[in-house]
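Dear colleague,

I am handing over the structure we spoke about, and it is placed just below this paragraph.

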Amino acid sequence: MADALISVLLEQLASVVYQHTNQAVKLVLNAEEDVKSFSSKLKDIQAVLEDAEKKQVADTGVENWLAKLKDVSYEMDDVLDEWNTEILRRQVEEKQEKEGENALVTKKKVCFLMSSVCFCFGQANKVIHRHKIARRIGELNEKLTLLIAAEREMYGFHQSTKGGPDDQQLIQRQKTSSLVDISTIFGREEEKEMLLSKLLRESSPKVGRFLVIPIVGMGGMGKTTLAQLAYNDEKVTAQFDKKVWVCVSSPFDEIKIAKAIIENLDKNETQKSSNELETLLQCIMSHVKDKKFFLVLDDVWTENPKEWESLKLPVIMQSCAEGSRILVTTRKQEVAKMMGANSSMIYLDKLSDRDCLALFNSIAFLDRKEDEAAGFGAIGEEIVKKCKGLPLVAKTLGSLVRYKKTRKEWQDVLNSKIWELEKIEEQVFRPLLLSYYDLAPAVKRCLLYCAIFPKDYNLEKDKLIELWMSQDYLNSKENKEKRRKGQYYFESLVMRSFFQDFVVDEMGNIERCKMHDIVHDFVQFLTKKECIIIEVVKGDNQIVELRGENVRHLTLTRVPYGPLSFPTSCDRCVNVRSLTLLDSSITTISPGSVLQMKCLRTLNLSWSGLTELPKETLVLIQCSSLEKLPKAMGKLINLKHLYVLGCWKLRYLPKGIGSLKSLQALDCFYVCEREAAALKLGDLGIMDQLQGSLEIRRLGNKDDASETEKAQLGNKEHLSHLEVVFQDEYGVLRKHGVDSEIVKALQPHQNLESLGIEWCHIGTTESLYWIKSLHNLRKVHLRFWLFCEFWPPLGKLPSLEILEITVMDKVKKVGVEFLGIEEEETETTFSGILFPKLKRLSFYYLSEWEEWEGITKEEDSSSSSSSEITIMPRLSSLQITECPKLKALPDFLHKITTLRTLTIESCPILERDYQQGVGKEWHNISHIPNITIQSH
């Protein structure tokens with residue numbers, strides 16, 4: 001993790017010197033020089049970090065050296081925070097001087113968290129404090145020189161180059177061959193049949209002359225074994241004229257690979273000694289021309305298109321006979337993407353529990369079958385649960401207990417943390433280390449941060465990215481760029497199989513995922529002194545004691561009901577940067593406990609029972625019992641993310657939040673007209689950095705239209721989702737006289753991708769005129785519009801993919817206005833595609849809806865131009881539920897060839913007329929593959 005930490009720190013050091021040179025706040029002399037000197041030394045150390053991180057696997061001295069380096073780096077990071085806080089403090093004081101008593105911060109002494117530092121205003125001597133910062137920078141500079149830079153020479157580190165000798169010596173990449181012992185293979189029958197089908201099927205125009213088949217999966221999942229099974233299959237041997245197996249590994253060396261292919265094709269070939277790539281490729285082509293050729297490239301890492309293209313394999317394969325194949329094994333989905341082979345990819349998932357147990361038993365009970373029935377078998381079944389379907393772990397644990405003769409020894413293995421077991425680090429974690437070292441430093445740091453979550457935890461992608469942002473892992477000047485960078489880092493980890501069990505939203509985007517248990521063990525192994533997870537034991541005093549001095553990230557789980565506190569003089573709390581409570585029922589946190597955590601950047605109190613927060617905290621919350629937030633929250637001027645969605649007892653947000661110009665995430669705004677201390681909706685006007693999702697609840701007051709206009713939602717270009725609910729805190733419907741004015745004022749930025757409006761009491765959709773300009777809108781849901789007689793014109797939205805309409809009791813007829821055809825237009829003058837990208841359409845509980853028209857039959861038959869209108873050409877799913885008066889489906893639906901799923905529930909007229917085989921309209925829908933027609 002040191003290289004990841006130092007890479008980010010160097011960026012901060014580079015910016016801190018230049019960013020503040022023109023600021024009014026200046027630190028004392030020599031501080032900037034010390035920062036530059038510190039940076040220079042870090043760069044020298046960074047050059048050998050790759051070598052050091054690999055050597056720590058086998059050398060505890062190197063591991064300790066890296067620990068010291070990380071400690072100094074963390075300390076400097078904290079000092080930089082304090083430096084930035086000094087500048088923020090000065091800015092606040094200047095504002096105070098200009099605005100007087102009404103300023104954000106008053107003259108009295110106030111203690112609060114700001115940019116990870118607890119800082120006392122007012123009485124603190126500014127000069128002394130700046131000298132203190134400068135002195136700490138100087139001390140760290142000296143510490144880096146004496147304790148770390150000097151020690152570096154002891155270990156003989158050298159600058160690492162990609163694929164250098166250190167890479168081969170320290171983390172051995174095992175060379176593979178095509179040979180396999182079939183008797184040791186368990187499971188994978190389904191994957192083998194799938195692979196053989198792709199290898200043996202005849203060529204077709206869709207497949208092309210040859211096919212590239214990638215097998216993708218995390219390290220230790222059995223990719224090479226599956227390839228070996230296929231390579232040695234009798235049918236495969238009979239199918240191909242030439243077969244070649246090459247272990248590619250890393251670094252990618254096209255000369256070496258070409259020579260290996262020639263060596264396999266003809267051991268006596270004289271040209272294989274050439275170092276000219278062109279000569280070698282021509283030689284390969286001469287051997288495989290007009291032959292059915294099967295090439296296996298095992299353990300491919302490169303995702304560089306230029307390296308792949310240098311082998312000219314597509315050109316060579318085009319010269320082969322039809323039906324030739326390339327089989328690739330890789331851990332990285334990017335490799336499959338680079339090869340243009342996503343559609344033929346085979347993703348290798350974990351083994352079943354039965355197969356994993358069989359594999360374990362075949363090794364553990366070799367030559368000792370009698371032990372299996374003597375109590376060892378039951379323990380073995382529990383040990384296998386640690387494997388979580390990973391064949392490599394099953395093999396390793398099986399070999400570990402094979403020579404252990406007593407049940408107690410087996411029980412010790414069962415009760416140990418997996419990284420504490422002999423052989424695990426060497427045989428299981430080393431393959432994962434290869435994937436880890438292949439990551440960029442900043443991506444490594446993001447991966448290791450996931451150690452703060454317990455096993456089997458659902459990681460929400462957007463929240464995870466924002467947690468990375470809060471820890472400054474996504475160093476970028478622009479907040480939008482930070483989020484984009486976080487998305488890229490997340491995708492990098494997904495493509496390398498560090499995450500699994502994905503849950504996607506309606507638009508196909510990953511919402512959440514999990515980490516394989518072995519990967520979780522791996523990241524905990526790498527962060528065991530920095531990330532601690534503690535399950536709090538119930539007691540009279542819930543006082544948490546930390547066991548280590550270097551804890552940076554602390555997670556507490558299952559904290560019982562009652563107050564939570566830490567020892568009042570807990571030096572080990574000082575360095576904590578994130579405090580996370582999960583599945584806990586605490587009622588309060590001791591303010592003194594939070595104040596000890598001077599480096600705290602993230603406080604996550606999700607799903608706790610808190611009723612009130614201490615005023616000093618940085619907040620990330622989702623607490624259903626929370627009733628109020630601290631009035632002093634406006635003093636957290638560096639607060640970036642505030643989550644209050646799900647805090648249903650929270651009546652309002654405090655007014656001071658309106659001063660937080662840096663706020664980037666506010667997931668829910670609660671309108672409250674009767675409380676003077678409440679933040680007004682119009683106060684969001686200055687928060688143009690808001691991004692992600694925003695939900696506005698309890699709209700409908702007489703002043704809300706003007707407040708909505710002041711909020712300037714049209715300026716918030718980073719918002720992707722807007723949800724608006726016209727409903728008060730008691731669930732009582734409001735009067736609808738002012739709703740149309742509020743809807744007019746809502747007009748969001750054109751970048752919006754998702755829009756939801758509920759309980760809106762308008763009779764027409766005229767006030768929603770602005771929706772036509774939302775060209776990036778992908779999802780719309782409209783619910784409980786109890787007084788609206790028409791649907792809004794949505795047909796011309798170019799990006800709309802998902803549309804849901806629920807409970808519109810006044811709607812009786814839907815016509816061309818829904819398609820977006822204007823009054824001045826007619827179906828005879830308009831041509832084009834309506835709802836061009838719509839994929840999913842859902843209607844629920846439309847009690848009075850009777851007619852749904854598309855293009856009228858008269859005009860359709862008489863007008864030649866009407867045939868130029870195409871409606872919903874990509875629709876794949878249509879659901880109609882509880883629409884008892886709807887008489888028929890529109891004619892244009894019958895022509896949609898992409899419609900795969902039609903669901904009709906509790907619609908008696910449609911159920912009768914579209915009944916399978918006998919309904920008079922059945923012939924119009926019989927081509928749809930998946931049809932469900934039923935009554936509740």
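This is a predicted model: local features need pLDDT of at least 70, side-chain atom pairs count only at pLDDT 80 or more; totals for chains, interfaces and linings use all residues.

Two residues are said to be in contact when heavy atoms of theirs lie within 4.5 Å.

Residues are numbered from 1 along each chain as its sequence is written, and side-chain values use heavy atoms, with hydrogens and water left out.

The secondary structure comes to 29 helices and 32 strands, where helices (H or I, at least four residues) and strands (E, at least two) are DSSP runs numbered from the N terminus. Of the 936 residues, 54% count as buried; buried means under 20% relative accessible area, exposed means over 50%, and partly exposed is in between, with a 1.4 Å probe and protein chains only.

Not counting residues up to four places away in sequence, F843 touches W791, I805, W849, W852, L878, Q879, I880, T881 and C883.

Helix 22 (residues 517-526) is mostly covered, with ten of its ten residues buried.

Two helix pairs deserve a description, for which axes are lines fitted to C-alpha atoms, for helices over the stretch in contact, and angles run from 0 to 180 degrees between N-to-C directions. Helix 14 (residues 353-364) and helix 16 (residues 391-401) pack at an angle of about 30°, with their axes 8 Å apart. That makes helix 14 roughly parallel to helix 16, since angles under 35 degrees count as roughly parallel, over 145 as roughly antiparallel, 65 to 115 as roughly perpendicular and the rest as oblique. Helix 14 contributes C356, L359, F360, I363 and A364 to the contact, and helix 16 contributes P391, A394, K395, L397, G398, S399 and V401.

In the second pair, the axes of helix 6 (residues 189-200) and helix 7 (residues 223-231) come within 10 Å and cross at roughly 55°, which makes helix 6 oblique to helix 7. Here E191, K192, L195, L196 and L199 in helix 6 meet L226, L229 and A230 in helix 7.

Finally, some individual residues. Most residues other than glycine have a negative phi. D501, in strand 9 (residues 499-504), has a positive phi near 50° and is partly exposed, with a relative accessible area of 41%. M872 also has a positive phi, near 50°, but M872 is buried, with a relative accessible area of 0%, and sits in the loop between strand 29 (869-871) and strand 30 (877-881).

R552 lies in the loop between strand 11 (531-535) and strand 12 (553-557) and, at 2% relative accessibility, counts as buried. Leaving aside neighbours within four places in sequence, R552 is in contact with D71, Y74, D78, E530, N575, V576, R577 and S578.

With best wishes
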